[in-house]
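Dear colleague,

Please find below the structure that I am handing over to you, followed by an account of what was found in it. I would be grateful if you could read the account with the structure open.

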Amino acid sequence: MKHTENAYVYNTLKTLIDICDEGIVAIDRDENVTYLNNTAAAMLGVEAKDYIGNKMKNLIEDTTLYRVMKTKKPEKDVHFSKNNRDFIAYRMPIFNGEEVIGALAVFKDITDYNRMDKELINEREHSKILETIFETAYDWVVLVDKDGVVTMMSQTYLDFLGLKKEDAVGRHVTEVIPNTRMHIVAKTGKSEIGEIQEIKSNHMIATRLPIVIDGKVIGAVGKVNFKDISDFNTMAKKVFNMEKELEYYRDELKKERAGKYSFESIVGVSSGIVKLKSMSQKVAKRSSNVLILGESGTGKELFAHAIHNFSMRANGPFIKVNCAAIPSELLESELFGYEEGAFTGAKKGGKIGKFELADKGSIFLDEIGDMDMKMQAKLLRVLQEKEIERVGGNTTKAIDVRIIAATNKKLDKMVEEGKFREDLYYRLNVVTLNIPPLRERVQDIKLLAKYLVDKLCHNMGIIVTNISEEVMRYLTNYSWPGNIRELENVLERALNLLDKETIIESHHLPTKIVENVSVSNGNIEDLQSTLARMEKEIILKCLKSVNGNKKEAAKRLNISRTSLYQKLEKYGY
Ligand SMILES: Nc1ncnc2c1ncn2[C@@H]1O[C@H](COP(=O)(O)OP(=O)(O)OP(=O)(O)O)[C@@H](O)[C@H]1O
């Protein structure tokens, strides 16, 4: 009977322990596991049978359960971990009378509590931070729940309304803010942006946004963007002015990138220039590349602009690159652009090159004869492929650009000397325009001088000035090695020397022009222009000595009158 009773007690206790929510583990004096209930095995992720009879250390590596056998005292809230889970245990020694015969631990899995606790702490911290930002924000902000009840309001807003936090929070927004629509937004979920709202006779501009979580509107946030409509007007005016300024700069940039001169701005009646203009107009309408040759200052750039303006690309950009002015190591990135990080000092985001800028327009490669051989090879590739690759990039971009190149160097000679690539030369000179030097267009000098004086007077703000006949004679008599640019400089200098006079006289000219340069002073010209200049000089001197009597002059010069008239016309008289 006693035995049956014991068995009953044992089995009942075992069942109770097995279904218990806590994990229970027992060890004997030798620290061998004697019991592990089902909950403990499940919590620790083990099979009880594999551990019973084995050392406790095998179950929990850093166990200290044996301690209670030594101290004979229970331990509360002992933390331990296994398989990334956290447990809290109550431990006690097992006595047989006075003698300790083992130890027992009852434990709970607290991993999820810990996580939740951490999340709760984080959330509390976050909402505290948000609340602080909200309350101390300079902006006027209000928050309502889905029923339109104020849950938060910034201190500045409270101050303006003359309220304390407790007067606002917890009350319906309509009782706090006059003319508000916050409760409507919290109901409809529809944003209201930049609405005018009147509070205490101030017309404000407010924005109201619904707060949506999982597709449900849980409230709304409102912000006053402009506390007074005049703030808004000031701001709007500023934006308007900035837009105008931007438009102005855009226009200026467009003008800057457009061809500035047309064929009308190319002055000249000499047959050379007239023929050249008409040929250039024909060429302009085609798509071929153009090579402009001519001495410095003859008007190569002027022709390049005019060709662009007369072409189908007139509405596209006109981009000028002076190949001689840019160091050769920089020319490639200037022409083709570069990618971010292409080299030290490269701008963030990279840089667009002149070819890309000139897309759908024309690129004017001035001083092409100064381009080094390496760049010539790269330019040739662009001409052949009609695409560019930025420095440091690995993709190509198709471009549609017409090339107008110019130089004052003898390119054909450079090709012969191996200083300019022959293949590039032939690609560039599909059409070549040779601009004659000014000394071969003596008929144009008078016209040009008048045109340039008008232009300069306009630019310098001078009332229109005339040029004396004597000065005109000196000007037509001079050989102009610097061509039209030199003529322009001489006239500008003269205008600067004018005092109260309105006529440019010979004392306003540089001595080299008045002294009438001749071959003997070491100024080397070609034979034809020297002869022409000397012929003109002699005719003019002779005319002067006979007081302009052409019949007498022809007689003294021993030429026919018709021949004298022809020569005078040739020299612009
Ligand atoms: N036919 C012309 N009519 C009016 N102005 C002209 C004419 N030709 C040249 N000019 C003026 O002369 C100056 C020099 O012209 P431009 O710069 O076009 O010469 P360029 O040959 O390109 O010179 P460079 O070889 O030195 O670059 C400019 O101010 C230009 O406006």
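Two strands are said to pair if DSSP finds at least two bridges between them. By that criterion, strand 15 (residues 362-366) and strand 18 (residues 402-407) pair in the parallel sense, over 4 bridges. Within this pairing, R402 in strand 18 is the bridge partner of S362. Please note that the model is a predicted one.

The sheet around this pair

The antiparallel strands

Strand 10 (residues 216-226) has antiparallel pairings with strand 6 and with strand 9. Strand 6 (residues 140-145) is joined to strand 10 by 6 bridges, and L143 stands opposite V221 in strand 10. Between strand 9 (residues 202-213) and strand 10 there are 9 bridges; here V217 in strand 10 is the bridge partner of V212. Strands 9 and 10 form a hairpin with 2 residues between them. In the turn, D214 has a positive phi of about 50 degrees.

The ligand

Which residues come nearest to the ligand? Of the 18 residues around the ligand, these are V267, G299, K300, E301 and I484. Helix 12 (300-310), helix 18 (442-460) and helix 20 (483-497) are the elements that give two or more residues to this shell. By type, the shell residues divide into 6 nonpolar, 7 polar and 5 charged. Domain 3 (263-435) and domain 4 (439-570) each supply at least three residues of the shell.

The protein as a whole

The secondary structure comes to 24 helices and 21 strands. Of the 573 residues of the protein, 28% count as buried. Among contacts with a separation of 6 or more, 57% are accounted for by residues 24 or more positions apart.

With kind regards

Key:
Residues numbered from 1 in each chain as written. Predicted model: local features only at pLDDT ≥ 70, side-chain atom pairs only at ≥ 80, totals over all residues. Near = placed C-beta within 6 Å. Nonpolar A, V, L, I, M, F, W, Y, C, P; charged D, E, K, R; others polar. Domains from an automatic or database assignment. Buried ≥ 20, exposed ≤ 12 C-beta atoms within 10 Å, placed from the backbone. Contact = placed C-beta atoms within 7 Å.
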